[in-house]
Protein chains: 4
Amino acid sequence: VKVRGVEIGGPDCVIMAGPCAVESREQIFAAARAVKEAGARLLRGGAFKPRTSPYSFQGLQNEGLELLKEVGEQVGIATVTEVIDPHDVGEVAAHADMLQIGARNMQNFPLLIEAGRSGHPVLLKRGPSASLDEFLLAAEYILDQGNPQVVLCERGVHPLDRAYTRNTTDLNAVPVLKEISHLPVIVDPSHGTGHARYVPAIARAAVAAGADGLIVEVHPCPREALSDGQQSLTPAQFADLMISLERVAAAVDRRIARQS
Amino acid sequence: VKVRGVEIGGPDCVIMAGPCAVESREQIFAAARAVKEAGARLLRGGAFKPRTSPYSFQGLQNEGLELLKEVGEQVGIATVTEVIDPHDVGEVAAHADMLQIGARNMQNFPLLIEAGRSGHPVLLKRGPSASLDEFLLAAEYILDQGNPQVVLCERGVHPLDRAYTRNTTDLNAVPVLKEISHLPVIVDPSHGTGHARYVPAIARAAVAAGADGLIVEVHPCPREALSDGQQSLTPAQFADLMISLERVAAAVDRRIARQS
Amino acid sequence: VKVRGVEIGGPDCVIMAGPCAVESREQIFAAARAVKEAGARLLRGGAFKPRTSPYSFQGLQNEGLELLKEVGEQVGIATVTEVIDPHDVGEVAAHADMLQIGARNMQNFPLLIEAGRSGHPVLLKRGPSASLDEFLLAAEYILDQGNPQVVLCERGVHPLDRAYTRNTTDLNAVPVLKEISHLPVIVDPSHGTGHARYVPAIARAAVAAGADGLIVEVHPCPREALSDGQQSLTPAQFADLMISLERVAAAVDRRIARQS
Amino acid sequence: VKVRGVEIGGPDCVIMAGPCAVESREQIFAAARAVKEAGARLLRGGAFKPRTSPYSFQGLQNEGLELLKEVGEQVGIATVTEVIDPHDVGEVAAHADMLQIGARNMQNFPLLIEAGRSGHPVLLKRGPSASLDEFLLAAEYILDQGNPQVVLCERGVHPLDRAYTRNTTDLNAVPVLKEISHLPVIVDPSHGTGHARYVPAIARAAVAAGADGLIVEVHPCPREALSDGQQSLTPAQFADLMISLERVAAAVDRRIARQS
């Protein structure tokens with residue numbers, strides 16, 4: 001899978017990072033510069049935010065898409081953002097380099113089909129109680145439309161309890177998916193744990209387990225984030241994490257992909 | 001909630017029944033006549049079928065909607081059918097008396113919002129790993145659009161293993177939801193168990209637990225069904241079940257709603 | 001299975017009731033008289049209490065056993081109590097009419113073997129994440145010692161979340177176990193829900209689903225209970241429940257077993 | 001925690017390895033020599049095997065204990081073995097350097113208390129549906145007897161399905177337990193995955209996540225193993241794994257503990 005020149009699923013691990021949601025021009029530019037400098041190759045940032053409650057912040061929507069396109073071009077970093085309505089796929093694909101389909105929409109079949117038809121690279125997240133077979137069959141809806149550009153993302157499954165973590169990161173899924181599928185597999189340690197202080201350990205573990213990349217929430221100021229602040233790293237924490245990830249990647253004969 | 005004159009959530013239990021999918025004119029008319037005669041007040045039947053695999057039967061789509069409208073009018077029974085794309089809501093509402101939002105789409109927020117805007121009655125199924133709070137917040141997306149016509153449906157949660165049943169019917173949800181919400185609560189024992197031979201026991205249990213209704217899969221010939229045949233009752237089994245449900249309903253001071 | 005003349009697994013449903021733990025002579029006598037008068041055929045009451053924390057009340061132990069024997073004889077009701085150490089099996093069997101093996105000990109194999117060797121009737125509770133095959137193989141450890149007197153008890157499986165209930169009562173297990181095993185199957189709606197106000201609905205549902213009996217927590221004064229007070233019915237609530245259970249049992253062609 | 005001179009929970013990661021069960025003198029000596037040579041500091045091997053079915057191999061029992069003691073002395077490696085009956089604790093402690101309490105017995109409170117009283121080092125495995133609070137309270141039963149020598153072991157939680165793995169290794173538990181408890185935390189990638197081919201990836205991930213050690217199943221000839229052969233590494237696979245673990249440990253500023 002190639003996203004604006006970045007190869008995912010090749011020898012190098014690709015790190016995607018950025019805020020949960022695009023909140024303002026200032027915020028997304030600060031985030032983009034910070035994560036690029038630390039070595040991330042894709043910027044994440046949601047414009048359309050699927051939220052459990054209708055009364056939570058739902059994202060900047062079209063304004064967020066515009067900001068994402070602008071920041072991607074000016075800072076020089078590929079972008080990935082979520083799409084939640086099949087009829088928005090074209091618009092989102094025109095503004096971002098990769099489409100994300102979130103865990104809640106893993107079996108939103110009209111959305112998968114439209115993402116498939118778009119031919120755009122797709123990051124497909126595993127649903128919180130989806131088996132690996134259900135996950136791969138969801139990917140098949142995209143592939144079946146003639147779009148081979150699919151990256152699988154393990155983001156945590158339904159936990160035994162939520163006293164300490166929001167989900168249970170299922171790292172078993174990494175070697176299993178690498179064996180039973182040819183698609184690249186990345187891990188989201190931010191949703192997988194739900195707390196910034198556990199993200200570095202699980203990020204390192206994911207790379208050691210053989211993941212082809214990570215998607216990590218990083219916010220210029222997590223305490224002021226409009227969503228998911230609790231699980232977002234600061235730019236400084238992320239930069240530290242990148243250094244340790246390089247060491248772990250080297251220990252399993254891989255590298256963290258860097259800007260050329 | 002009133003669906004073409006049928007009150008759901010009142011003193012009587014409302015039984016919805018019919019095939020998983022509309023498969024042909026002959027099949028849906030046979031099913032409609034059988035379930036109406038046995039006492040069902042709504043006919044279920046899918047035109048748009050969300051299927052785990054893209055290679056499974058996906059429903060007759062628009063042709064299915066037409067058949068459903070025709071059978072509802074000619075046989076004289078209200079209809080409920082699933083909608084999976086937010087942009088189909090208007091079309092589906094024009095052909096069926098009640099919109100169903102399936103378990104996989106419980107957090108498909110654009111779909112919930114469109115269903116809310118339609119003002120049409122909505123049957124909202126609980127996702128297989130959704131907490132009751134997540135379920136009620138999903139209903140809130142519909143209510144928040146000014147549509148109070150929402151019926152909640154427990155259809156089984158992710159099971160410990162699938163050796164004997166497809167899901168674990170969570171009947172605890174019935175008294176809890178009746179306590180924490182004012183919305184009617186029905187149960188789907190067909191998906192809740194996944195096997196026709198366990199459906200009667202769980203249907204009776206649901207009524208005894210206080211459910212306001214049931215939605216049951218009935219097919220004129222389950223062995224030939226294009227989907228979910230294993231969990232569909234025959235018309236004769238359904239007629240027997242209805243008789244026993246009347247007795248259980250009476251034991252908890254309710255009645256099974258009958259045609260007036 | 002016959003426990004002091006009470007047949008479990010025959011045409012009638014057998015109700016077992018009583019406090020979580022034997023707390024005092026006064027308490028257990030009051031409970032015994034109340035549940036017998038309301039129609040229960042066995043008195044439950046723990047002497048050895050397995051508690052999650054070592055700092056919680058652990059039961060009156062041998063003193064509790066003595067009280068249980070005394071109350072059973074004087075009030076004239078059969079008794080069931082938990083055993084947690086294989087080397088206590090003989091002592092417990094000498095003081096109670098039926099041995100209970102709790103959910104935490106479902107795979108405590110030395111305990112199962114000793115319970116099997118005792119020849120005493122055994123109430124075996126399903127573990128919170130045990131599959132039905134694991135449950136039946138645990139029963140097999142008892143049967144394999146030549147003791148056919150085993151009653152299976154569904155007491156709730158690990159829940160999706162604990163916001164409203166302590167466990168998820170798996171009533172699917174009732175028709176499945178009745179089909180794949182010849183052993184009697186009862187349900188514990190007290191642990192299955194964890195809250196007294198949901199117990200009646202689930203108790204009725206269990207009988208409607210075909211359970212051969214129930215085990216229900218009843219305490220003379222739930223607010224003062226040393227354990228599980230939140231899920232215990234008062235004697236008055238239990239008496240009301242028994243009346244409604246008779247109606248539900250009749251609706252499925254059974255009766256609630258009464259004193260002869 | 002110190003086991004025959006081996007420090008667990010210090011700066012170095014301690015690897016425990018060996019067969020699921022002691023099967024014969026030849027087998028356990030071959031295993032002991034192989035794992036010691038590859039760098040393991042403790043030999044695992046079960047004498048008392050808790051098995052789901054009563055008809056499966058139950059271990060060599062006392063003969064197994066004797067062999068374990070002999071091999072530990074002659075080969076010069078500390079040993080860990082499971083105890084399942086509280087009344088065997090003394091005997092097992094006399095033959096092995098560390099007591100293991102298995103996942104099924106995590107809440108076998110008489111066993112925990114006896115293990116506590118013994119003062120012997122204890123390896124406590126997390127139950128498959130135990131929350132971390134329940135796990136720590138189980139450890140508290142041992143600590144409360146005045147025995148501080150407890151090592152916690154994450155061995156996989158109940159999986160969403162068993163199509164590809166036997167359990168879901170919960171590596172989130174590693175950083176969480178390290179934060180909320182002072183006890184050493186190790187991981188069992190063999191039970192965590194259930195398949196030898198996934199063990200190396202998860203073993204590396206566990207070390208990267210900060211585990212203080214691993215317990216790995218290694219059998220001289222996995223295909224002939226009387227239990228758990230599917231998840232056992234060969235001695236050659238284990239030796240390769242040890243080499244890669246050293247690299248991963250170094251990447252997180254730790255070492256794999258070696259014989260001094």
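At what angle do helix α8 of chain A and helix α8 of chain D pack, and how far apart are their axes?
A: Helix α8 (residues 199-208) of chain A and helix α8 (residues 199-208) of chain D pack at about 155°, and their axes are 7 Å apart. Axes here are lines fitted to C-alpha atoms, for helices over the stretch in contact, with angles running from 0 to 180 degrees between N-to-C directions. Helices (H or I, at least four residues) and strands (E, at least two) are DSSP runs, numbered from the N terminus.

Q: Before we go on, what am I looking at?
A: This is a predicted model, where local features need pLDDT of at least 70 and side-chain atom pairs count only at pLDDT 80 or more, while totals for chains, interfaces and linings use all residues. Residues are numbered from 1 along each chain as its sequence is written, chains are lettered from A and ligands numbered from 1 in the order in which they are written, and side-chain values use heavy atoms, leaving out hydrogens and water.

Q: Back to the pair: roughly parallel or antiparallel?
A: Roughly antiparallel. Angles under 35 degrees count as roughly parallel, over 145 as roughly antiparallel, 65 to 115 as roughly perpendicular and the rest as oblique.

Q: Which residues make that contact?
A: On α8(A) they are A201(A), R204(A), A205(A) and A208(A), and on α8(D) they are A201(D), R204(D), A205(D) and A208(D). Contact means heavy atoms within 4.5 Å.

Q: New topic: how many disulfides are there over all chains?
A: Zero, from a search of the whole structure; a disulfide is a pair of cysteine sulfur atoms within 2.5 Å. Take C20(B): the nearest cysteine sulfur, in C153(B), is 13 Å away.

Q: Is C20(C) buried or exposed?
A: Buried, at 5% relative accessibility. Buried means under 20% relative accessible area, exposed over 50%, and partly exposed in between (1.4 Å probe, protein chains only). C20(B) is buried too, with 2%.

Q: Where does F109(D) lie, and what does it touch?
A: F109(D) lies in helix α4 (residues 109-118) of chain D and is buried, at 3% relative accessibility. Not counting residues up to four places away in sequence, F109(D) touches P50(C), R51(C), T52(C), R104(C) and Y141(D).

Q: What about H95(D), where is that?
A: H95(D) is in helix α3 (residues 89-95) of chain D, and its relative accessible area of 11% makes it buried.
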